[in-house]
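Please consider how the features of a protein model may be read, one at a time. The structure in question is shown here.

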Amino acid sequence: MTSYVNQYEQITALVVDANSNMRQIIAGMLRNMGFKSLFVATNEIQVNDILNVEKVDIVFSGWQPGKLDGIKVLNKVRDNEKTKAIPFLMITDIIDQDMVRQAVSNGVSEYIVPPFNKQILQKRLDRALKIPIHSSAASVIKQDKNKRFAKKKDTKDFNILIVDDVADNIEVLRGILKPHYRIKAVTSGKNVMQICMSNQPPDIILLDIMMPEIDGLTVCKQLKQNPMTQNIVIIFITALTEADDVVRGLELGAVDYITKPIHPDVVLARVRTHTRLVLSQRVIQDQIDALVSQNTRREYIDNLLQRKLEEFQRLSQENVKYLDTKLKANSVAERTFEQLKFSINVQDVIVQNLYTLRQLEDNNYKLVRSRNETSNFIKRIVHTYSFELRDRSLEAKLNFGCDLALFTDTKLATYLIHLLFANAIEHSSRGSQIHVKTVELPHHILVSIQNNGELPHEIPNDLNELLETKKGEPLVALNFYTAFKLAHALHCQMYYHSSDKFNTIFYLKFRK
């Protein structure tokens with residue numbers, strides 16, 4: 001935790017929101033995390049003034065149509081030369097997909113829909129700080145694994161809070177709802193806010209209007225005024241004589257009411273209707289997450305490949321200069337020239353497949369199947385890495401137990417084996433062997449690539465999960481993500497085994 005505090009102490013944040021409660025809550029959370037330097041603004045003009053005078057490292061902005069135009073704030077940040085690359089976190093109730101796409105295309109880093117707590121905000125903040133933001137970029141957002149925003153596929157996973165000062169009423173409602181939902185109950189409105197601000201808040205509250213100390217209307221008003229809890233569904237429990245209070249409660253933000261005496265079928269019908277509505281809203285949130293995450297993967301892939309290409313280009317230029325000055329030293333020049341050819345060949349592979357990977361990410365790639373002898377394209381791949389094999393004193397042992405023609409998309413299959421063979425080289429100890437075998441099965445051709453090294457950790461098959469593990473080099477994570485993507489596109493089964501005793505073996509099962 002100390003490292004987080006030290007990191008945040010060096011960051012200057014700008015909090016922009018027309019809602020004073022939201023400004024105070026976000027600023028309070030940030031100060032609690034360790035932020036020492038904070039600016040606040042309520043409109044675009046104040047944002048512009050602050051950006052022109054002060055150094056700002058990150059922006060948290062609301063988006064309330066008619067009060068604060070979050071897109072204008074975002075554009076001001078992205079159009080400012082000093083801040084065009086900083087993280088921008090949008091915090092808003094807006095879930096219209098066209099408006100979300102507008103925010104994504106303008107370069108939002110994180111898109112957060114309330115309610116959320118400090119842990120959620122900090123997780124999104126850390127993700128935004130981890131991946132640099134460019135003027136044309138959008139940053140990563142995926143379904144939080146925190147229990148507060150855990151994906152609920154079934155209404156039986158819903159948490160329902162019953163608030164009533166009469167214990168018998170609670171037991172009646174608990175008996176009706178417990179077979180279908182997770183139930184928690186309290187006899188006073190005093191503890192409701194604390195429960196709702198926890199990491200396991202209720203999805204729906206059944207709230208009695210008439211209670212001593214703090215009545216239901218007061219509790220409802222408190223929840224709806226707090227941006228962290230304002231989206232929790234409230235259904236009033238009321239007597240027929242409390243019609244005026246019901247109207248006032250609905251005006252405060254409650255969505256429905258149930259009259260006493262309690263009728264089980266009515267209670268179940270009302271609650272079932274609103275759980276379905278909540279599920280629908282969360283499906284929309286998932287779609288927002290997927291939309292922004294897709295843009296993030298694209299940016300991440302492009303940035304990594306660009307850096308790798310620049311590295312190869314730099315190495316190529318250095319080798320060319322070295323050849324010019326050392327041409328007479330034949331043995332040295334020959335090795336340098338071989339390294340140059342290897343660098344150029346691998347660079348060419350990356351360039352050729354960059355567009356292919358982009359097409360896969362956009363689901364626009366069309367498979368073109370043809371028949372090719374398995375041994376031929378595997379030999380070509382191994383030959384590409386002949387310099388690196390010699391340089392590391394590695395030996396590639398090829399054992400073609402079958403040489404049937406493989407009916408598949410040659411471009412994708414070649415790229416897939418390229419990645420796995422390069423991984424084998426990367427994790428092999430000097431002087432060892434890499435075994436590439438093909439075996440004929442009744443309906444498949446099995447290709448295996450084995451090296452004597454053990455993978456340092458389990459491989460997730462999702463890029464966002466790979467990024468969050470913070471293990472290994474980013475390009476290695478990208479390679480594994482791409483390999484899973486290619487295997488899926490080829491309808492090829494890919495699995496592996498890695499241990500100190502049995503080394504690492506990747507298996508590819510291609511259909512004949």
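Predicted model: local features only at pLDDT ≥ 70, side-chain atom pairs only at ≥ 80, totals over all residues.

Q: How many helices and strands does the protein chain have?
A: Helices (H or I, at least four residues) and strands (E, at least two) are DSSP runs, numbered from the N terminus. The protein chain has 17 helices and 17 strands.

Q: What share of the residues in the protein chain is buried?
A: A residue is buried under 20% relative accessible area, exposed over 50%, and partly exposed in between, with a 1.4 Å probe and protein chains only. Of the 512 residues in the protein chain, 49% are buried.

Q: What part of the contacts in the protein chain joins residues 24 or more positions apart?
A: A contact means heavy atoms within 4.5 Å. Among the contacts in the protein chain with a separation of 6 or more, 71% are between residues 24 or more positions apart.

Q: At what angle do the axes of helix 3 and helix 4 cross?
A: Axes are lines fitted to C-alpha atoms, for helices over the stretch in contact, and angles run from 0 to 180 degrees between N-to-C directions. The axes of helix 3 (residues 44-53) and helix 4 (residues 70-79) cross at roughly 15 degrees and come within 10 Å. An angle under 35 degrees counts as roughly parallel, over 145 as roughly antiparallel, 65 to 115 as roughly perpendicular, and the rest as oblique. Helix 3 and helix 4 are therefore roughly parallel to each other.

Q: Which residues of helix 3 and helix 4 meet?
A: From helix 3, Glu44, Val47, Asn48 and Leu51 meet Lys72, Val73, Lys76 and Val77 of helix 4. For the classes, Ala, Val, Leu, Ile, Met, Phe, Trp, Tyr, Cys and Pro count as nonpolar, Asp, Glu, Lys and Arg as charged, and the others, Gly among them, as polar. The contact of helix 3 with helix 4 has four nonpolar, one polar and three charged residues.

Q: How do helix 13 and helix 15 pack?
A: Helix 13 (residues 374-384) and helix 15 (residues 410-426) have axes 10 Å apart and pack at an angle of about 45 degrees. That angle makes helix 13 oblique to helix 15. On the side of helix 13, the contact is made by Phe377, Ile378, Ile381, Val382 and Thr384, and on the side of helix 15 by Ala413, Thr414, Ile417, His418 and Phe421. By class, the contact of helix 13 with helix 15 has seven nonpolar, three polar and no charged residues.

Q: How many salt bridges does the structure hold?
A: A salt bridge is a side-chain nitrogen of Lys or Arg within 4 Å of a carboxyl oxygen of Asp or Glu. The structure holds eleven salt bridges.

Q: Which residues are linked with Glu110 in a network of salt bridges?
A: Glu110, Arg124 and Arg127 are linked in such a network. The closest N and O atoms are 3.7 Å apart in the salt bridge of Glu110 with Arg124. Glu110 lies in strand 5 (residues 110-112) and Arg124 in helix 6 (residues 118-130), so this pair ties together parts that are 14 residues apart in sequence. In the salt bridge of Arg127 with Glu110, the closest N and O atoms are 3.4 Å apart. Arg127 lies in helix 6 and Glu110 in strand 5, 17 residues apart.

Q: Are Glu110 and Arg124 buried or exposed?
A: Glu110 counts as buried because its relative accessibility is 0%. Arg124 counts as buried at 3% relative accessibility. Arg127 is buried as well.

Q: Where does Met193 lie, and what does Met193 contact?
A: Met193 is found in helix 8 (residues 192-196) and is partly exposed, with a relative accessible area of 23%. Leaving aside neighbours within four places in sequence, Met193 is in contact with Gln222, Leu223, Asn226 and Thr229.

Q: Where is Ser448 found, and which residues does Ser448 touch?
A: Ser448 is found in strand 15 (residues 444-451) and is buried, with a relative accessible area of 12%. Not counting residues up to four places away in sequence, Ser448 touches His435, Val436, Lys437, Ile505, Phe506 and Tyr507.

Key
Residues numbered from 1 in each chain as written. Heavy atoms only, no water.
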